[in-house]
Amino acid sequence: MATKRNPEPARALLARAGVRMTRVIHTKNFQELFKRYRRPGDLAFATLFFALSIGLLICLPSQTDWVKRTKTFAQPAFWPMISIALMAVFSMFHLLGSLVSERIEGRWLEVWQWIRSLEYALWFMAYVMLVPVIGYLPATIAFTCVLALRLGYRGWRWMLICTVFSIAVVVLFKSFLQVKIPAGLIYEAAPAPFRAILMTYF
């Protein structure tokens with residue numbers, strides 16, 4: 001004759017497990033779930049993005065057209081209008097949320113990080129200015145190697161990786177994709193048989 005199992009031990013085990021889980025998981029209420037903080041740089045980003053959205057919205061009528069006898073969804077101006085309008089609405093909510101949220105300290109540290117990032121834009125501008133002078137391939141090799149050294153990647157292995165990567169990039173863009181990139185002035189000094197090859201492919 002089968003005997004019934006006592007469900008009490010199982011219930012006690014589940015109860016103990018439930019107590020442990022409530023200690024691990026903190027259930028947030030509705031207000032805590034949607035609470036946000038204004039992190040460093042958040043207000044500046046929200047303001048700039050909202051201003052950009054309004055600027056695009058103002059310029060929209062002069063940049064797109066509504067064509068007669070064309071369905072609304074096929075209008076050239078319809079989807080740009082929808083996307084930019086939504087962009088303006090959500091950026092407005094982002095700005096309002098930043099204004100009413102509690103601020104976290106560290107604004108100037110964040111600004112300094114943004115300023116430091118401009119260094120890499122200057123590196124790229126120097127690279128662009130060097131390409132017409134020393135050529136696409138030498139400038140790319142120099143650019144990648146200098147950036148690797150700047151970021152702390154030193155040693156002949158890293159320099160070899162940068163060189164191989166630069167050659168692959170140049171061959172891909174200049175030879176296969178045939179992107180129009182100015183030939184370097186130093187290529188003019190190369191012997192005649194190699195000059196055309198360097199100016200065309202490198």
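This is a predicted model: local features need pLDDT of at least 70, side-chain atom pairs count only at pLDDT 80 or more; totals for chains, interfaces and linings use all residues.
Let me start with one term: two residues are in contact when heavy atoms of theirs lie within 4.5 Å.

First, the overall layout. The protein has eight helices and two strands. Read from the N terminus, the order is α-α-β-α-α-β-α-α-α-α. There are 202 residues, and 20% of them are buried. The exposed surface comes to about 15,900 Å². Carbon and sulfur atoms supply 71% of that surface. Now take the contacts with a separation of 6 or more. Residues 24 or more positions apart account for 67% of them.

Next, the core. Which residues make up the largest nonpolar core? There are eleven: Tyr127, Val131, Tyr136, Leu137, Ala139, Phe143, Leu147, Val169, Val170, Ile181 and Tyr187. Which helix gives the most? Helix 6 does, with five residues. As background, nonpolar side chains in soluble globular proteins tend to be buried together.

Look at Leu147 for a moment. Setting aside its neighbours within four places in sequence, Leu147 is in contact with Tyr120 and Trp123.

Now the helix pair I promised. Helix 6 and helix 7 pack at an angle of about 140 degrees. Their axes are 9 Å apart. The crossing of helix 6 past helix 7 is right-handed. Who meets whom? On the helix 6 side we have Tyr136, Leu137, Thr140, Ile141, Thr144, Cys145, Ala148 and Leu149. On the helix 7 side they meet Met159, Cys162, Thr163, Phe165, Ser166, Ile167, Val169, Val170, Phe173 and Lys174. Some names come back from the core list, among them Tyr136, Leu137, Val169 and Val170.

On to the rings. How many aromatic pairs does the structure hold? Six. I will show two. Phe78 and Trp79 have ring centres 4.9 Å apart. Their planes stand at 80 degrees, and over 60 counts as edge-to-face, so this pair is edge-to-face. Are the two partners buried or exposed? Phe78 is buried, at 12% relative accessible area. Trp79 is partly exposed, at 49%.

The second pair is Tyr127 with Phe143. This one is stacked. Tyr127 has a relative accessibility of 11%, under the 20% cut-off, so Tyr127 counts as buried. There is a cluster here too: ring pairs link Phe124, Tyr127 and Phe143. Tyr127 and Phe143 are also on the core list.

Start with Ala183. Where is it? Ala183 is in the loop between helix 7 and helix 8. Its relative accessible area is 25%, which makes it partly exposed. In sequence, Ala183 and Val131 are 52 residues apart. In space, their C-alpha atoms are 7.5 Å apart. Not counting residues up to four places away, Ala183 touches Pro132 and Met199.

Then Ile197, in helix 8, residues 192-201. Ile197 is partly exposed, at 41% relative accessibility. Tyr187 is ten residues away along the chain, and the two C-alpha atoms are separated by 9.6 Å.

Met129 is in helix 5. Its relative accessibility is 61%; exposed means over 50%, so Met129 counts as exposed. Ala139 is ten residues away in sequence and 9.2 Å away in space, C-alpha to C-alpha.

Finally, Leu86, in helix 4, residues 78-100. Leu86 is partly exposed, with a relative accessible area of 45%. Leu86 and Ser53 are 33 residues apart in sequence. Their C-alpha atoms are 9.1 Å apart.

To recap: eight helices and two strands, a largest nonpolar core of eleven residues, and helix 6 giving the most to that core. Thank you.

Definitions and conventions: Residues are numbered from 1 along each chain as its sequence is written. Side-chain values use heavy atoms; hydrogens and water are left out. Rings of Phe, Tyr and Trp (its six-membered ring) pair if their centres lie within 6.5 Å; planes under 30 degrees apart count as stacked, over 60 as edge-to-face and the rest as tilted. Buried means under 20% relative accessible area, exposed over 50%, partly exposed in between (1.4 Å probe, protein chains only). Helices (H or I, at least four residues) and strands (E, at least two) are DSSP runs, numbered from the N terminus. Accessible areas come from the Shrake-Rupley method with a 1.4 Å probe; for residues, only the protein chains shown count as cover. A nonpolar core is a set of buried Ala, Val, Leu, Ile, Met, Phe, Trp, Tyr and Cys residues joined through side-chain atoms within 4.5 Å. Axes are lines fitted to C-alpha atoms, for helices over the stretch in contact, and angles run from 0 to 180 degrees between N-to-C directions. A crossing is left-handed if the near helix is turned anticlockwise from the far one by less than a right angle, and right-handed if clockwise.
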